[in-house]
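Here's a quick tour of a protein model for anyone who likes to know what the numbers mean before using them. Have a look at the sequence and fold, then read on.

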Amino acid sequence: MTTPTEGPASRPDNPAATSGELTVTSVFTVTEQHQDQLYAMLTANGHDVLEHTPGFLGSTLTRSDDGRHVIHHARWRDDDALAAMLASPGGRSSMAASRLLADVQVIRSHHTLAFDAS
């Protein structure tokens, strides 16, 4: 059983729901021959760019079993931290390179609910 941890920003009537920690989920769709290449490139970007960017809180990177997707969940202190990374030379270069290998869908959300194992 999991126990939800809900903060005040999670209530839809709370104006703070659009501020605070930002999660960006990027779903990359690739051909099977490009999944490993994209995964390696995004891993290197994590070490070279993200880990050194102020306001970057952490991320997870996964590969789908079907060989067609790479999913990246990145957590940011706020929108400004993400914007600064995207405007940086490393951020621009990484995004351009990843878009040569994959179609990407980006989903932005503000972190409001977490489940922990009990």
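Is V70 buried or exposed? V70 is buried, because its relative accessible area is 0% (buried means under 20% relative accessible area, exposed over 50%, partly exposed in between, with a 1.4 Å probe and protein chains only). Before going further, some ground rules: this is a predicted model, where local features need pLDDT of at least 70 and side-chain atom pairs count only at pLDDT 80 or more, while totals for chains, interfaces and linings use all residues. Residues are numbered from 1 along each chain as its sequence is written, and side-chain values use heavy atoms, with hydrogens and water left out.

**Overall picture**

The protein has three helices and six strands, laid out along the sequence as β-β-α-β-β-α-α-β-β. Helices (H or I, at least four residues) and strands (E, at least two) are DSSP runs, numbered from the N terminus. Of the 118 residues, 31% count as buried. Take the contacts with a separation of 6 or more: 74% of them come from residues 24 or more positions apart (contact means heavy atoms within 4.5 Å).

On confidence, the mean pLDDT is 84, and 82% of the residues reach 70 or more; pLDDT is the predictor's confidence in each residue, from 0 to 100. Residues 1-18 stay under 50, and the model has 28 contacts beyond four places in sequence for them. Where pLDDT is low, the predicted coordinates should not be read in detail.

Four strands make an open sheet in the order β3-β4-β2-β5, with antiparallel pairing. The edges are β3 (56-63) and β5 (103-110), each pairing on one side only, and the twist averages 15° from one strand to the next. Strands count as paired if DSSP finds at least two bridges between them; β3 and β4 (residues 69-76) have seven, in the antiparallel sense.

V70 sits in β4, where it is the bridge partner of R63. Leaving out residues up to four places away in sequence, V70 touches S26, V27, F28, Q35, L38, Y39, L42, L61 and T62. One of these, F28, is 42 residues away in sequence but 5.1 Å away in space, C-alpha to C-alpha.

**How the helices pack**

Axes here are lines fitted to C-alpha atoms, for helices over the stretch in contact, and angles run from 0 to 180 degrees between N-to-C directions.

| Helix pair | Angle | Axis separation |
|---|---|---|
| α1 (residues 35-48) and α3 (residues 89-101) | about 175° | 10 Å |
| α2 (residues 79-87) and α3 | about 75° | 4 Å |

The angle makes α1 roughly antiparallel to α3, whereas α2 and α3 are roughly perpendicular to each other. The cut-offs: under 35 degrees is roughly parallel, over 145 roughly antiparallel, 65 to 115 roughly perpendicular, and the rest oblique.

On the α1 side, Q37, L38, M41, L42 and N45 meet G90, S94, A97, S98 and L101 of α3. By class, that contact has five nonpolar, five polar and no charged residues. Ala, Val, Leu, Ile, Met, Phe, Trp, Tyr, Cys and Pro count as nonpolar, Asp, Glu, Lys and Arg as charged, and the others, Gly among them, as polar. From α2, M85, L86 and A87 meet P89, G91, R92 and M95 of α3, and these residues divide into five nonpolar, one polar and one charged.

**A loop residue**

T53 lies in the loop between α1 and β3. T53 counts as buried because its relative accessible area is 14%. Apart from neighbours within four places in sequence, T53 is in contact with W76, A81 and M85.
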